[in-house]
Amino acid sequence: MFKIKTIYFIRHAQAEGQPITANLTKKGKEQANSLVPFFKNKEIDRIYSSPFKRAVDTIGPLAESRGLQIIEDDRLGERVLSSLNLEDWQDKLKKSFEDLNLAFEGGESNNSAMARAASMLKMIIQSDDNHIILVSHGNLTTLMLRYFNECFGFEQLMELSNPDVFEIVVVNEKATLRRIWDEERVGF
């Protein structure tokens with residue numbers, strides 16, 4: 001049987017910070033609203049989001065415009081690099097992509113976060129829904145993209161925008177991936 005599934009990965013819009021309760025900035029709210037016309041001609045069956053406020057608020061306007069429920073799933077929550085405030089967090093983040101098993105105090109390794117994301121992706125691929133949106137964060141979005149293409153790593157994470165949108169089309173378990181968000185076209 002010929003099976004096609006389209007999954008959209010959305011990195012949240014611009015936020016005021018990293019805490020779970022961080023709000024979107026004024027620009028972030030505008031970006032969230034811009035997703036409504038951006039997805040105008042795209043079919044959507046189901047929306048899953050990280051439970052972090054900035055992720056839920058990013059997809060809220062689109063979900064409301066389509067009359068769809070936002071299903072919050074912890075597996076889409078951002079990877080915690082460390083429970084400590086690391087001055088050199090970017091260097092540590094880079095090292096964690098060089099050694100996917102590396103975990104800092106109170107943090108999660110990339111492999112651990114990838115396993116969490118993979119369980120979500122396998123569920124989505126096996127579901128009856130054919131057009132799915134997953135809303136997450138920079139590090140976890142990069143790891144989900146890496147699930148389909150191992151070329152995604154630290155450099156690609158640093159190139160992501162807020163928001164960012166990737167389309168993954170899975171045909172009989174073979175995936176093609178492309179970035180479809182264009183900040184200039186959308187006006188940011």
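Which residues are buried in α5? In this predicted model, the buried residues of α5 are Gly 138, Asn 139, Leu 140, Thr 141, Thr 142, Leu 143, Met 144, Leu 145 and Arg 146. They amount to nine of the eleven residues of the helix, so α5 counts as mostly covered.

Strand β4 spans residues 131-136. Six of its six residues are buried, so the strand is largely enclosed by the rest of the structure. Both faces are covered. His 131, Ile 133 and Val 135 are buried on one side. Ile 132, Leu 134 and Ser 136 are buried on the other.

The pairings of β4 are parallel with both β1 and β2. Strand β1 (residues 4-11) pairs with β4 over six bridges. Here Arg 11 stands opposite Ser 136 of β4. Strand β2 (residues 46-49) is joined to β4 by four bridges. In this pairing, Ser 49 stands opposite Val 135. Antiparallel pairing is found between β5 and β6, which are joined by six bridges. Ile 168 has Leu 177 in β6 as its bridge partner.

The axes of α4 (residues 110-126) and α5 (residues 138-148) come within 9 Å and cross at roughly 65°. The crossing is right-handed. From α4, the contact is made by Asn 110, Ala 113, Met 114, Arg 116, Ala 117, Ala 118, Leu 121, Lys 122 and Ile 125. From α5, it is made by Asn 139, Leu 140, Leu 143, Met 144, Arg 146, Tyr 147 and Phe 148. By class, the contact has eleven nonpolar, two polar and three charged residues.

Asn 110 belongs to helix α4. Its relative accessibility is 0%, so Asn 110 counts as buried. The side chain of Asn 110 reaches the backbone oxygen of Ser 96 at 3.0 Å. Beyond four places in sequence, Asn 110 touches Arg 79, Ser 96, Phe 97, Leu 100, Leu 102, Asn 139 and Leu 143. Asn 139 and Leu 143 are among the α5 residues in the contact with α4. Both are buried.

Helix α1 passes α2 in a right-handed crossing. The α1 side of the contact consists of Ala 32, Asn 33, Leu 35 and Val 36. The α2 side consists of Asp 57, Thr 58, Pro 61, Leu 62 and Ser 65. These residues divide into five nonpolar, three polar and one charged.

The loop between α6 (154-159) and β5 (164-171) holds Asn 162. Pro 163 is found in this loop too. A cis peptide bond joins Asn 162 and Pro 163, with omega about -15°. Asn 162 has 24% relative accessibility and therefore counts as partly exposed.

Not counting residues up to four places away, Asn 162 touches Arg 11, His 12, Ala 13, Gln 14 and Gln 31. The side chain of Asn 162 reaches the backbone oxygen of His 12 at 3.0 Å. Arg 11 is the residue that stands opposite Ser 136 in β4. The C-alpha atoms of Asn 162 and Lys 27 are separated by 10.0 Å, although these residues are 135 residues apart along the chain.

Technical notes:
Residues are numbered from 1 along each chain as its sequence is written. This is a predicted model: local features need pLDDT of at least 70, side-chain atom pairs count only at pLDDT 80 or more; totals for chains, interfaces and linings use all residues. Side-chain values use heavy atoms; hydrogens and water are left out. Axes are lines fitted to C-alpha atoms, for helices over the stretch in contact, and angles run from 0 to 180 degrees between N-to-C directions. Helices (H or I, at least four residues) and strands (E, at least two) are DSSP runs, numbered from the N terminus. A crossing is left-handed if the near helix is turned anticlockwise from the far one by less than a right angle, and right-handed if clockwise. Contact means heavy atoms within 4.5 Å. Ala, Val, Leu, Ile, Met, Phe, Trp, Tyr, Cys and Pro count as nonpolar, Asp, Glu, Lys and Arg as charged, and the others, Gly among them, as polar. Buried means under 20% relative accessible area, exposed over 50%, partly exposed in between (1.4 Å probe, protein chains only). A polar contact is a pair of N or O atoms within 3.5 Å; within protein, one must be able to donate a hydrogen and the other to accept it, and residues adjacent in sequence count only if both atoms are side-chain atoms. Two strands pair if DSSP finds at least two bridges between them.
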